[in-house]
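Thanks for sending this one over. Here are some notes on the ligand site, to read with the structure open beside you.

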Amino acid sequence: MSGNRLMNLEKILQSQGFGSRKHCQQLIKQGAVLIDGVVASNAKQNLELSGLSFSVFGQEYQYREQVYIALHKPQGYECSHQATHHLSVFDLFDQVLLQRGLQCVGRLDQDTTGLLLLTDDGKLLQALTHPKKHVPKVYHVHCVDPVTEQQLLGLSNGVELRNELGVFAATDVVQLSEYSLKMTIHQGVYHQVKRMLAAVGNKVESLHRAQMGALQLTHLALGQWQYLNDEQVSLLRDPQANLQI
Ligand code: URA
């Protein structure tokens, strides 16, 4: 939300991930920055932020005070900047976004697919990942062994997990096929779904996150991502909302 705010061009570029103030000044000096198709040569020029777009080396950018991104995470990517054994989800984004301080909102295992949010908004990240906030997350689980009635009941009634306090219960536990189910969890401890399935005597073969808060993954293809707009971000935590991406 940036209505009626002015900022000078070099600060704008810096805020959007184009590096140090000095580097941004150099970009402007080089003639790399265009506004409305015209080379911007004055680094101190004040610009209205609302609706601002510009290009750098021919690539178009829109000014965003913060970035909120929904990614359909593929398998084989770790949610870590220093991935050790696999690729990093951050490999899917360009340097300009990374320099803004993009972080994952919670983590998915390298072999889990599905909805992953990323943002440079520390407050939203806290709000969505804080254990007390209980943001619902819907998972589709494919199991190694056939799913039994007793296992479904066990997940709904709750299980204990080693080294974690309390009982972990899923809601909306529904069998989808002989080997698969969907369930909603309200915490986000390490390997939670895999450990819950192990606790009821089954094993996860593959895992997919279909929904987080009000945001439902429907048409983003594997590996694709999109920006969320202000309205989508503000509705993320609204239990009545149903946002499809
Ligand atoms: N639970 C898991 O076990 N793994 C994930 O990636 C997410 C939830």
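1. A polar contact here is a pair of N or O atoms within 3.5 Å. With that in mind, and remembering that this is a predicted model, look at Asp109: one of its polar side-chain atoms lies 2.7 Å from a nitrogen atom of the ligand.

2. The backbone takes part as well. A polar backbone atom of Val193 is 3.1 Å from a nitrogen atom of the ligand, while a backbone N or O atom of Gln192 lies 3.5 Å from an oxygen atom of the ligand. The protein buries 96% of the 240 Å² that the ligand exposes when taken alone.

3. Which residues surround the ligand? They are Leu108, Asp109, Thr112, Tyr139, His191, Gln192, Val193, Lys194 and Leu207. By class, this shell holds 4 nonpolar, 3 polar and 2 charged residues. Helix H6 (residues 192-199) gives the most to the shell, with 3 residues.

4. Why does the ligand lie between domain 2 and domain 3? Because both of these domains give residues to the shell around the ligand.

5. Two last things to look at on screen. The space that the ligand takes is the largest pocket.

Definitions and conventions:
Residues are numbered from 1 along each chain as its sequence is written. This is a predicted model: local features need pLDDT of at least 70, side-chain atom pairs count only at pLDDT 80 or more; totals for chains, interfaces and linings use all residues. Side-chain values use heavy atoms; hydrogens and water are left out. A residue is near a molecule or strand if one of its heavy atoms lies within 4 Å of it. A polar contact is a pair of N or O atoms within 3.5 Å; within protein, one must be able to donate a hydrogen and the other to accept it, and residues adjacent in sequence count only if both atoms are side-chain atoms. Accessible areas come from the Shrake-Rupley method with a 1.4 Å probe; for residues, only the protein chains shown count as cover. On a 1 Å grid over the protein atoms alone, a cavity is a set of points where a 1.4 Å probe fits but cannot get out, and a pocket is an open set with protein on both sides within 12 Å along at least five of seven lines; lining residues have an atom within 4 Å of a point. A molecule sits in a cavity or pocket if more than half of its atoms lie within 2 Å of its grid points. Helices (H or I, at least four residues) and strands (E, at least two) are DSSP runs, numbered from the N terminus. Ala, Val, Leu, Ile, Met, Phe, Trp, Tyr, Cys and Pro count as nonpolar, Asp, Glu, Lys and Arg as charged, and the others, Gly among them, as polar. Domain bounds come from an automatic or database domain assignment.
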